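Welcome, and thanks for taking a look at this fold with me. Please keep the viewer open while you read.

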Amino acid sequence: MSLIVFDMDGTLLDTRIDITISVNYVRMKNHALPPLTQEQVVEYINRDERNLPQLFYGTETPDPRDRKLFRRHYLQQCTKHLRLFSGVETMLESLRRAGIPMAVATNASSLFARQMLEAAGIAHYFYAVAGADTTGTSKPDPSMLHFLMRQIGFDSQKDRGYLLGDSGKDMEAARRAGLVPLYAAWGYTNGSCKADRSLQTPEALFKILSMPLSTFKEESRQCN
């Protein structure tokens, strides 16, 4: 059996506009801070080591008021400007026709994720969706991947599995879960992530799926 797990933001969906609007709303309302650019917000989120409360709101530790306001605002905002990356829906439909089970593993809340996948019209392709709230951990911790594998009945010792994502956290989580890490070069890290297999377009996934697992290196290189 094969399994393909997808990261969401920066791999399936371009969500940069809406998340930037919500972060800046909290910055303005709670801290009277000037707005961040989309590039800054995405770069902060994708850092392997980061303190998001400090980067976003200037606080060393999470402030419950910021979390509450962001959650309320983003629930209303998160589907207003999102879009599918080119070629994603064609890729998902082809995988569905081939009978390959698919799942989503995102560091966003699963509540946001399901709402956004529904709004984008692709939720029906996935057997399961896991967010940071599903297991209480975020990638690169592999817990949410193990959760999805159990949900689908996937055995990494005998089955073939992949994770397609756009960050170093995705690549590391895949390796730790026994999945092949595939890098989505069209995503937010702008081609700076070095992995064993880098896909320039979603359509390139099908060439990867035809390769024997013995062609993949055991080690992958980290993102810059």
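Val-5 stands opposite Leu-163 in strand 6, and it also stands opposite Ala-103 in strand 4. Before going further, please note that this is a predicted model, in which local features need pLDDT of at least 70 and side-chain atom pairs count only at pLDDT 80 or more, while totals for chains, interfaces and linings use all residues. Residues are numbered from 1 along each chain as its sequence is written, and side-chain values use heavy atoms, with hydrogens and water left out.

**The sheet**

Helices (H or I, at least four residues) and strands (E, at least two) are DSSP runs numbered from the N terminus, and two strands pair if DSSP finds at least two bridges between them.

| Strands | Sense | Bridges |
|---|---|---|
| strand 1 and strand 6 | parallel | 5 bridges |
| strand 1 and strand 4 | parallel | 3 bridges |
| strand 6 (residues 160-165) and strand 7 (residues 180-184) | parallel | 4 bridges |

In what order do the strands form the open sheet? The order of the 6 strands is 5-4-1-6-7-8, with parallel pairing. Strand 5 (128-130) and strand 8 (197-199) are at the edges with a single partner strand each, so one side of each has no neighbour in the sheet. On average, neighbouring strands are turned by 25 degrees against each other, direction ignored.

Strand 1 is mostly covered, with 4 of its 5 residues buried; buried means under 20% relative accessible area, exposed over 50%, and partly exposed in between (1.4 Å probe, protein chains only). Helix 8 (residues 143-152) lies across strand 1 (2-6), strand 4 (102-105), strand 5 and strand 6, and runs at about 155 degrees to strand 4. For such angles, axes are lines fitted to C-alpha atoms, for helices over the stretch in contact (heavy atoms within 4.5 Å), and the angles run from 0 to 180 degrees between N-to-C directions.

**The cores**

A nonpolar core is a set of buried Ala, Val, Leu, Ile, Met, Phe, Trp, Tyr and Cys residues joined through side-chain atoms within 4.5 Å. The largest one has 50 residues, and those with the most contacts inside it are Phe-6, Leu-12, Leu-92, Leu-117 and Phe-126. Among the residues that Leu-117 touches are Met-8, Val-104, Ile-122 and Val-129. A second, separate core of 17 residues includes Ala-103, Ala-130, Met-149 and Leu-179.

Leu-209 belongs to helix 10 (residues 205-209). Is Leu-209 buried or exposed? Leu-209 is buried, with a relative accessible area of 18%, and touches Ile-4, Leu-95, Ile-100, Arg-160 and Tyr-162, not counting residues up to four places away in sequence.

**Aromatic rings**

The whole structure holds 7 aromatic pairs. Rings of Phe, Tyr and Trp (its six-membered ring) pair if their centres lie within 6.5 Å; planes under 30 degrees apart count as stacked, over 60 as edge-to-face and the rest as tilted. Tyr-74 and Phe-112 form an edge-to-face pair, 5.0 Å centre to centre with 75 degrees between the planes. This pair links distant parts of the chain, with Tyr-74 in helix 4 (residues 64-77) and Phe-112 in helix 6 (residues 110-119), 38 residues apart. Both Tyr-74 and Phe-112 are buried.

The charged end of Arg-71 sits over the ring of Phe-112, 5.7 Å from its centre; this label requires NZ of Lys or CZ of Arg within 6 Å of the ring centre and within 35 degrees of the ring normal. Elsewhere, Tyr-44, Phe-56 and Tyr-57 form one aromatic cluster.
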